[in-house]
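Reader: I have a model open and would like to learn how to read its packing, feature by feature. Could you take me through it?

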Amino acid sequence: MALAAMPTVRLPSGKQVSALGQGTWEMGDDPSKHQEEIQALRTGVDLGMTLIDTAEIYGDGAAERLIAEALGDRRQELYLVSKVFPGHATLQGTIEACEKSLRRLKTDHLDLYLLHWPGSIPLSETFEAFQRLKSSGKILDFGVSNFDLHGMQQAAEVVDVTEIATNQVLYNLMRRGIEYDLLPWCEKYKIPIMAYSPVERGILVDHPILQQMAMKKKITPAQLALAWVLRNKQIIVIPKASRVEHVIENRAALDVHLSHEDLKALDEAFSPPKRKSPLDVI
Ligand code: NAP
């Protein structure tokens, strides 16, 4: 059966990116998994999951090197996202960190560059570095990660809010806190959220309620968890799968339809937030 087209999410810059991408945390660390990880990333791109998320700190550069090895011949198809470690996020440090990521990734530009989490270096410095990297063509867009509402409001005081491409945060059935305040704020400014750890690092796969519901729908718990995040058409979802069968399974989550009753049952099992809470992070 032919695959349905990959849905896209529009960034404030107008760029359309695949709604379902691929994470790479802990990839490239274990030599015994090397070939399978390469195959998994290539399979994902074959299936339209062309947004690849990585970071300079993943395996101290190992994930970026793995991406270059796995997908170096397919750079034009990719939307590459990497992140600067907050301790490096000075004006000069950010530029140097980006250049190192580019060398490891064997590319001349990143499609999107994020500040990995808020640190102690003034945001104005990091954003100035992002602007310079953008002017020189080394990055096409920039954004943030692990920023709560207050952090986003501060960021919007430093740069024009339309320049913030995304906020990458923890979001899944077990971690719904952002629905209370951060998500509505981002929606108001048309800043898509990029949801990390969408299957809670694999934990949701073993959740008895998800297992039960998934069985009834003849899908897998991972697909149910992913379909739930993907129900919001303004969210980009980046599961990590180093096994080819998981990648194929995850891509098929895009074909899952969640009915009103399904959503109600999921709300009963994993309640939406009733009050403001600190941003969940991993
Ligand atoms: P995740 O995607 O929620 O879970 C990954 C785990 O789930 C892996 O053990 C994977 O197994 C397993 N899995 C994936 N698909 C599966 C399936 N269909 N069936 C069964 N198991 C499945 O967790 P994550 O890696 O933490 O998050 C995803 C990405 O988000 C990361 O890789 C990273 O790129 C990004 N991230 C960003 C931040 C940040 O601070 N900005 C923090 C965390 C993560 P296999 O690998 O064996 O296939």
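Reader: Happy to start with one side chain. Which residues does Leu 66 touch, not counting residues up to four places away in sequence?

Author: Keep in mind that this is a predicted model. Leu 66 touches Met 27, Gly 28, His 34, Glu 37, Ile 38 and Leu 41, with residues up to four places away in sequence left out. Leu 66 itself has its place in helix 2, residues 62–71.

Reader: Is Leu 66 buried or exposed?

Author: Its relative accessibility is 2%, so Leu 66 counts as buried.

Reader: On to aromatic rings. How many aromatic pairs does a search of the whole structure find?

Author: A pair of aromatic rings is described by two quantities, the distance of the centres and the angle of the planes. Here the search finds eight pairs. Take Phe 127 and Phe 130: their ring centres are 5.9 Å apart and their planes stand at 35°, so this pair is tilted.

Reader: Where do Phe 127 and Phe 130 lie?

Author: An α-helix has 3.6 residues a turn, so residues three or four places apart point the same way. Both Phe 127 and Phe 130 belong to helix 4 (residues 123–135) and are three residues apart, about one turn of the helix. Both are buried. Together with Tyr 113 and Phe 142, they form one aromatic cluster.

Reader: And what about the rings of Tyr 171 and Trp 228?

Author: Their centres are 5.3 Å apart with the planes at 45°, so this pair is tilted. Tyr 171 is in the loop between strand 7 (164–170) and helix 6 (182–188), and Trp 228 is in helix 8 (residues 221–230), so the pair ties together parts 57 residues apart in sequence. Tyr 171, at 0% relative accessibility, counts as buried, and Trp 228 counts as buried at 1%.

Reader: Which residue lies over the face of Trp 228?

Author: That is Arg 231, at 3.8 Å from the ring centre. You can find another such arrangement at Trp 25, where the charged end of Arg 201 sits over the ring, 3.7 Å from its centre.

Reader: Now a strand, please. Which residues of strand 8 are on one side and which on the other?

Author: In a regular strand the side chains alternate between the two faces of the sheet. In strand 8 (residues 193–196), Ile 193 and Ala 195 are on one side, Met 194 and Tyr 196 on the other; all are buried, and both faces are covered.

Reader: In what sense do strand 7 and strand 8 pair?

Author: They pair in the parallel sense over four bridges, and Asn 167 stands opposite Ile 193. Between these strands the chain passes through helix 6, and this β-α-β crossover is right-handed. Strand 8 also pairs in the parallel sense with strand 9 (residues 235–237), over three bridges. There, the bridge partner of Ile 193 is Ile 235.

Notes:
Residues are numbered from 1 along each chain as its sequence is written. This is a predicted model: local features need pLDDT of at least 70, side-chain atom pairs count only at pLDDT 80 or more; totals for chains, interfaces and linings use all residues. Side-chain values use heavy atoms; hydrogens and water are left out. Rings of Phe, Tyr and Trp (its six-membered ring) pair if their centres lie within 6.5 Å; planes under 30 degrees apart count as stacked, over 60 as edge-to-face and the rest as tilted. Helices (H or I, at least four residues) and strands (E, at least two) are DSSP runs, numbered from the N terminus. Buried means under 20% relative accessible area, exposed over 50%, partly exposed in between (1.4 Å probe, protein chains only). A charge sits over a ring if NZ of Lys or CZ of Arg is within 6 Å of the ring centre and within 35 degrees of the ring normal. Two strands pair if DSSP finds at least two bridges between them. A crossover is right-handed if, with the strands pointing away from the viewer, the path from the first strand over the helix to the second runs clockwise. Contact means heavy atoms within 4.5 Å.
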